Amino acid sequence: MRSERNKDGSFTVWMTRDEYHELPRAADTFQREIAIRLMGDCGLRVAEVLDVEPRHISRKSDGTHYDLEVVSGKDTTGEYEGGKHRETWLPRELEALINRYCQQHDVDDDQVLIDRGKRTVQYWVEQAAEGAVEETGDEDYRRVSTHDLRRCWANHLLVEENVSPRIVMALGGWNSYDAIEPYLAAPTEENIIETMSGIRL
């Protein structure tokens with residue numbers, strides 16, 4: 001894990017996927033795990049997490065995978081009333097977890113999954129981070145914020161999985177390549193070795 005101190009004293013944290021997975025694993029309820037994974041597995045902002053309802057989930061045309069409609073995404077252009085809509089990728093394992101949670105807790109189709117405020121979700125991430133510190137001994141988890149989960153998701157797709165920036169922009173709700181540039185960090189040594197070892201120079 002790598003962290004950088006910002007001018008305002010906060011930190012920007014770069015996590016590998018294995019490091020990220022310690023956070024949902026440390027969540028002590030299904031609801032908290034879902035909130036964390038909506039940011040770390042779907043790229044949602046913390047405010048977007050609060051608007052997710054079961055009816056926003058739909059099966060893709062292949063009949064196997066799932067979309068999650070983000071109904072009030074951040075709009076920097078002012079073009080959209082009530083926020084910008086987009087569809088992002090919802091992993092099948094997370095869809096199954098949400099479905100199980102809704103059945104166990106009688107969540108209606110038009111009822112929000114995370115019936116808490118933004119600060120509460122931030123606190124859930126802080127609590128999961130404390131659990132990750134206890135599990136791993138890595139004190140840097142205490143610097144992790146909700147936005148670091150979205151950053152981890154975007155960086156993983158762009159750098160480790162070489163997903164097209166245009167696809168990541170569409171899934172994450174960015175309007176330009178310049179907007180996703182901050183989510184690009186230097187590739188890991190493992191990524192460089194894997195990529196370059198098969199190239200003849």
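**Aromatic pairs.** I looked for ring pairs first, taking Phe, Tyr and Trp (its six-membered ring) as paired if the centres lie within 6.5 Å. By this rule I get two aromatic pairs. This is a predicted model, so I kept to its limits: local features need pLDDT of at least 70 and side-chain atom pairs count only at pLDDT 80 or more, while totals for chains, interfaces and linings use all residues. Residues are numbered from 1 along each chain as its sequence is written, and side-chain values use heavy atoms, with hydrogens and water left out.

**W153 and W174.** I find the ring centres 6.3 Å apart and the planes at 25 degrees, so this pair is stacked (planes under 30 degrees apart; over 60 is edge-to-face and the rest tilted). I then checked where they sit: W153 is in helix α6 (residues 146-160) and W174 in the loop between α7 (165-172) and α8 (177-180), so the pair ties together parts 21 residues apart in sequence. Helices here are DSSP runs of H or I, at least four residues, numbered from the N terminus.

**W174 and Y183.** I get a tilted pair here, 4.8 Å centre to centre with 55 degrees between the planes. So W153, W174 and Y183 make one aromatic cluster.

**Buried or exposed?** I asked this of W174 and Y183. W174 is buried at 9% relative accessible area (under 20%, 1.4 Å probe, protein chains only). Y183 is buried too, at 9%. W153 is also buried.

**Charges over rings.** I counted CZ of Arg or NZ of Lys within 6 Å of the ring centre and within 35 degrees of the ring normal. R143 lies over the face of F11, 3.9 Å from the ring centre. R151 lies over the face of W14, at 5.6 Å.

How values were computed: Helix = DSSP H or I, 4+ residues; strand = E, 2+ residues; numbered from the N terminus. Buried < 20%, exposed > 50% of the residue type's maximum accessible area, 1.4 Å probe, protein only.
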